[in-house]
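Dear colleague,

Please find below the structure that I am handing over to you. My notes on what was found in it follow directly after.

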Amino acid sequence: MRLDKSIGTWLLYLPCTWSIALASDPGCLPNLGMLTLFGTGALLMRGAGCTINDMWDKDFDKKVSRTATRPIASGEISRFQALVFLGGQLSLALGVLLCLNNYSIVLGAASMGLVVTYPLMKRITYWPQLVLGLTFNWGALLGWAAIKGACDWSVCLPLYCSGVMWTLIYDTIYAHQDKEDDIKVGVRSTALRFQNQTKPWLSGFGVAMISGLVLTGINAGQTLPYYAVLSTVAVHLAHQIYTLDINKPEDCWKKFVSNRNIGVLLFLGIVTGHLWK
């Protein structure tokens, strides 16, 4: 479940918090019960995603120094044991999903295809980070639907697309840690696709992300504090990309983890913007 590395859970959870906060009534704080429910779901589904990933990647993980000690790759547990554990996680996650309205239950279930197939993408395309983005930001749709009963696509769609762009940024940075091992084992990534052109690509994704968030704010009737915080997010992104050293794994990890701050900042911007109303 990678409980020792909470950053993955944060990156899955934060788009949910944005959506829940945006769907709140003007002048009100976001629903604490719903934030807690989605936090539990994010923890379980991130754990399930890690388990699925390790089951698919057993043979690859053995050949990569950073992943060779993972339980399935090292032989500590069998694939069948992992499957039983996966069933337990998904059962609990289903229990969380069933607490939502019918629209949200169907919408949430629709993400399972992405969850299961994402780990295969690195075998067939240089854009697995795009598929991860489509998967990890599903909460940007689900959070609004859980509060309102259905998606307002004028708000949810640009928010979702912005989240996908954000994932392309942080997971490309993450992938640069493993690029040498990935070449050896035949795994593909945007890091290998972009190589020395990584920073221009990330800058483009950053512009698209901020533009999408501006559109989200306009369509949701956001106020001055939201846009002030969004400016801070843009500066954070620009600094992250400008100072990134793609050839230093420790710097890549540091920049990757700092994206939690971006997500939290955006959440606070949405909340204060709503209170300003």
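Tyr-174 and Phe-256 are both buried. In this predicted model, their rings form a tilted aromatic pair, with 4.7 Å from centre to centre and 50° between the planes. The pair links distant parts of the chain, since Tyr-174 belongs to helix H9 and Phe-256 to helix H14 (residues 249-257), 82 residues apart.

The structure holds 13 aromatic pairs. Another of them joins Trp-18 and Trp-166: the ring centres are 5.2 Å apart and the planes stand at 45°, so this pair is tilted. Here too distant parts of the chain are linked, with Trp-18 in helix H1 (residues 7-22) and Trp-166 in helix H9 (residues 153-175), 148 residues apart. Trp-18 and Trp-166 are buried. Ring pairs connect Trp-18, Trp-166, Tyr-170, Tyr-174, Trp-253 and Phe-256 into a cluster.

Two lysines sit over aromatic rings. The charged end of Lys-5 lies over the ring of Trp-253, 5.8 Å from its centre. The charged end of Lys-148 lies over the ring of Trp-144, 5.9 Å from its centre.

In soluble globular proteins, nonpolar side chains tend to be buried together. The largest nonpolar core of this model has 67 residues, and Trp-18, Phe-38, Trp-166 and Met-209 touch the most other members. Helix H9 supplies the largest share of this core, 12 residues. Leaving aside residues up to four places away in sequence, Trp-166 touches Leu-11, Leu-14, Pro-15, Trp-18, Asn-137, Met-209, Asn-259, Ile-262 and Gly-263.

Helix H12 (residues 198-219) has 22 residues and reaches 32 Å from its first C-alpha to its last, close to the 32 Å expected at 1.5 Å a residue. Its buried residues are Thr-198, Leu-202, Phe-205, Gly-206, Met-209, Ile-210, Gly-212, Leu-213, Thr-216 and Gly-217. Why do they lie on the same side of H12? They cover an arc of only 160° around the axis, which puts them on the same side of the helix. An α-helix has 3.6 residues a turn, so residues three or four places apart point the same way. The face of H12 turned away from the buried side carries the exposed residues Pro-200, Val-207 and Ile-218. The elements that cover the buried residues of H12 include H1, H9, helix H11 (190-194), helix H13 (224-243) and helix H15 (259-276). Just after H12, Gly-221 takes a positive phi of about 70°.

In helix H5 (residues 102-109), the buried residues are Ser-104, Ile-105, Leu-107 and Gly-108. Viewed down the axis of H5, these buried residues fall within an arc of 170°, so they line one face of the helix. Asn-102 and Val-106, on the other side of H5, are exposed. The buried residues of H5 pack against helix H4 (79-97), helix H6 (112-124) and helix H8 (139-148).

Most residues other than glycine have a negative phi. Arg-2, although not a glycine, has a positive phi of about 60°. Arg-2 lies in the segment before H1. Is Arg-2 buried or exposed? With a relative accessibility of 18%, Arg-2 counts as buried, because the cut-off for that class is under 20%. Gln-195 is likewise not a glycine and has a positive phi of about 50°. Gln-195 is found in the loop between H11 and H12.

The last item concerns Val-185, which is part of helix H10 (residues 179-185). Val-185 is buried, with a relative accessible area of 16%. Which residues does Val-185 touch, not counting residues up to four places away in sequence? Val-185 touches Phe-60, Lys-63 and Val-64. The C-alpha atoms of Val-185 and Asp-61 are separated by 9.3 Å, and these two residues are 124 residues apart along the chain.

With kind regards

Notes: Residues numbered from 1 in each chain as written. Predicted model: local features only at pLDDT ≥ 70, side-chain atom pairs only at ≥ 80, totals over all residues. Heavy atoms only, no water. Phe/Tyr/Trp six-rings, centres within 6.5 Å; stacked < 30°, edge-to-face > 60°. Helix = DSSP H or I, 4+ residues; strand = E, 2+ residues; numbered from the N terminus. Buried < 20%, exposed > 50% of the residue type's maximum accessible area, 1.4 Å probe, protein only. Lys NZ or Arg CZ within 6 Å of the ring centre and 35° of its normal. Core = buried A, V, L, I, M, F, W, Y, C linked by side-chain atoms within 4.5 Å. Contact = heavy atoms within 4.5 Å. Expected span 1.5 Å × (residues − 1). Arc of directions from axis to C-beta.
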